[in-house]
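Work through the exercises below with the model open. Try each task before reading its solution.

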Amino acid sequence: MHIIRFLLSFFLTGATIWLLSTPQKAGDSTLPPLATFFNPFSGFWKNAEPVGGFAPENLNLPGLKGKVEVVYDELLIPHIFAGSKEDAVRVQGYITAQHRLWQMDIAARKASGRLSEVLGERTLNIDRITRRRGMVFAAENNVLGWGKSPEGMRLLEAYAAGVNAYIAQLSPADYPIEFKLLNYAPEPWTVLKTALIVEAMAETLCSGENDLASTIALTQFGRDTFNYLYPEWNPQQQPIIPDTGQWKDWKVALPPLPAVGTKAGAPTSGSLSGVFEKNGDFFAQPGDVDDDYIVGSNNWALAGPNTASGHPLLCNDPHLNLTLPSIWFQVQLHTPEQNCYGVSLQGVPGIAIGFNENIAWGLTNVGQDVSDWYRLQWTNPERTKYSLDGEIREVQKRVEVIHIKGKEPLLDTVRYTVWGPVVYDYDKEHPLRDCALRWITHDQPAPDAPNIFIFLNAGKNYEDYRRALAAYDCPAQNFVFATRTGDIAITVQGRFPVRAPEQGRFVQDGSRWSNAWIDYIPSDRVPAMKNPSRGFVFSANQHSTPPSYPYYYLSGDFDDFRGRHIYDRLTAMKNATADSMKTMQLDNFSQRAADALPAMLRLLDQNKLDADGRKMTAELAAWDFRYEADATAAPLFEVWFDSCYQKTWDEITTLRQQKKQVLMPERWRFIELLGKDTASIFFDHPATPQRETARDIVNETFALMQDYFRQNPQKRTGWGQFRGFTIKHIAQIDAFSRLDVIVGGNGSAPNAITRTHGPSWRMIVELGERVRGLGVYPGGQSGNPGSPYYDNMVNTWAKGEYNDLLFLASADETSNRILGRQTFMPRE
């Protein structure tokens, strides 16, 4: 009996030890070994930080050429004082890894299609598409291009060495908590991983295109109706660079026009016959509001005559997906050549957006379409050869080895053509299966590309600004600029193919080289403006130029509302101050609502409404078009407008329900039809015998909006609560997220906050005798959820407040805001 008890205890103990030391499946997830994770000496307890959150430690760092002093302020922002740029970025790499190592690792993994190595099969499709779109191929080309600049590579390698010096001194007990949760270890950092971070940004900002959706729409509707539904220029638009006669004498040779259709014209009921079957009415669920989000940002600069101080003001607020940790990391870099403050992109040396003692700059996304699809003409059943101008070309094969946690690796062969990779050839049902992707980010960059922000960080004047931008190609950005000496400027900087009208708007014939990008807009002819007489420059992701620009066909995805309101405010603004700039960045006014709601109210038969409907109408009529957090009219409008938009395009949404990727008309065009073409055939429901007009749609959807709120009385709240807002941890771990923040804003307002996106960094710079900066982002410097500096700026950001940015002149400068100091010395 004793032997049986002993054996039972032995096996139970063994099973318990095995259970605690082995990763366990929990649904689709895998838990880390629980004994390791809960170990009081090396588990997650080790990641707790003291309330003060800072333990200064002097270090010896391999590769340093001299002493580097780091001053931390009360927000845990490092101010790095070094004797050379190389030493400065080496320490920047070390400190960034110290606070954001897992974020850097997982971002590089995602961009390289390596998530499945640590997350398992559930991310296999993400990894596969990432590889097939050529993300790693593009990053490798970046490194090849960067390698042609010895100085640039030295700085990139110094940054990577700093990261690796931090990793090398870690024990498993010191790993960030996410490594412990996912049960894997950090890898050495490389220049390739920096390139992958850059490519991840390119994927976010310049991978958008509507080639397939436009092609299907043209096929479905014909040329006349297509032109009617999808005009590319909004006549109410205020472009970034207006026509002041600066390009009237340019001689420009454009490629031949592609054969894509005939003349424009308004559709008739006859032109729509046979296109749509009367197979029922598709309608998006009321309340599923579309926040009208475009990946982008706002920036502007005001000249001295327009400000109270007589000195320029520069502002920037890039709108991105908001996460914890934040995408940005604040830092000051001081060397003999520069004294610069701003935000850096984790994994990339230098400062991307910021200011120094002489200049300031900011970025918004350009939004031009720089990715095209080309349909191939295969010449053999194996689809390894294709025709180009009658010549047979052979694909180049690249085998992507995708490792999968707990599984055998997937070997995926990607075919590359002269155009680029054949992305979807593994999917026999995909409409782009026979198409190759031509994407600007696949190209090898200019040799000076890695030095762009390093040069800009040390810039002193307009000439330095232009010199720094010369090699910048992708993702295209609107670089706003100002100096202490009074200059303001903006440049639409990037590498843009010279296109014939509508070239790249549709899927193109890949058997003809005449459809290729033959040339690029010369760098001295990209849209730019310096010291305009109006006293300001600005951008909000709107069109770069009006149609009179000789290289006008810069197609893409552009904002139609924020820029107009910002232009109006800047035009009227005199004696501007930093406080004026705050009100603009925090402005919740929606030009879209101001355009649409009056037209909708005019078409509403208000005399037929019940008491509740009249009350809603009165509330809407009194609304000031501002999406404040407590605005109760905003949810009414949003549900009504979205319902009206969906009901109008029921013909298109029916096709989309059938999994046809048909392009939806832009909202500005829909609003224009509400005011100017209320009898448009598109207001008619094909499934009904009568002919509906805009008035019918407006009244029908008002009733739907009423019904929605009657059925969901809890939704009759302020806008902030109605829409919801979260700042999620990168790994979507709710315990590490902020789910309790209620804010206003809307994608069509300057304060472009949506459910998950918004101003990722608000910055205001006063370029006076001494440059002063204000800034805040919704996060914290630390990537450790156990740190008091993990999300300590979220509430400041949500309340619309700013931090005075501590811009030190020397490491010895005193301030009651200094948290501690750290010294890095060369390792002997």
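Two strands pair if DSSP finds at least two bridges between them. Helices (H or I, at least four residues) and strands (E, at least two) are DSSP runs, numbered from the N terminus. This is a predicted model: local features need pLDDT of at least 70, side-chain atom pairs count only at pLDDT 80 or more, and totals for chains, interfaces and linings use all residues. Residues are numbered from 1 along each chain as its sequence is written, and side-chain values use heavy atoms, with hydrogens and water left out.

**Exercise 1. The three-stranded sheet**

Task: find the bridge partner of Tyr374 in β21, and give the order of the three strands in the open sheet.

Solution. 
- Start with the pair. Strand β13 (residues 371-375) and β21 run parallel, joined by two bridges.
- Within β21, Gln508 is the bridge partner of Tyr374.
- Now the whole sheet. The order is β18-β13-β21, and the pairing is mixed.
- Finish with the edges. β18 (435-439) and β21 (508-509) each have a single partner strand, so one side of each is left without a neighbour in the sheet.

**Exercise 2. A helix pair**

Task: at what angle do α17 and α19 pack, and what residues make the contact?

Solution. 
- Helix α17 (residues 591-603) packs on helix α19 (residues 633-648) at about 75 degrees, with the axes 11 Å apart.
- Classify the angle. Under 35 degrees counts as roughly parallel, over 145 as roughly antiparallel, 65 to 115 as roughly perpendicular and the rest as oblique. α17 and α19 are therefore roughly perpendicular.
- List the contact. α17 gives Arg592, Ala593, Ala596, Leu597, Met600 and Leu601; α19 gives Phe637, Glu638, Trp640, Phe641 and Cys644.
- Sort them. Nine are nonpolar, none polar and two charged. Here Ala, Val, Leu, Ile, Met, Phe, Trp, Tyr, Cys and Pro count as nonpolar, Asp, Glu, Lys and Arg as charged, and the others, Gly among them, as polar.

**Exercise 3. Aromatic rings**

Task: which geometry does the aromatic pair of Trp623 and Phe625 have?

Solution. 
- Set the rule. Rings of Phe, Tyr and Trp (its six-membered ring) pair if their centres lie within 6.5 Å; planes under 30 degrees apart count as stacked, over 60 as edge-to-face and the rest as tilted.
- The structure holds 45 such pairs.
- Trp623 and Phe625 are 5.9 Å apart centre to centre, with 65 degrees between the planes: edge-to-face.
- Widen the view. Ring pairs link these two into a cluster whose members include Phe637, Phe641, Tyr708 and Trp719.
- Trp623 is buried (under 20% relative accessible area; exposed is over 50%, partly exposed in between; 1.4 Å probe, protein chains only), at 8%.

**Exercise 4. Backbone exceptions**

Task: are Glu502 and Asn575, two non-glycine residues with positive phi, buried or exposed?

Solution. 
- Glu502 has phi of about 70 degrees. It lies in the loop between β20 (488-493) and β21. At 14% relative accessible area, Glu502 is buried.
- Asn575 has phi near 55 degrees. Its loop runs between α15 (562-572) and α16 (578-585). At 54%, Asn575 is exposed.
- Close with a cis peptide bond: Cys474 to Pro475, omega about -5 degrees. Pro475 is in the loop between α14 (462-469) and β19 (477-483).

Methods:
Axes fitted to C-alpha atoms, helices over the stretch in contact; angles between N-to-C directions. Contact = heavy atoms within 4.5 Å.
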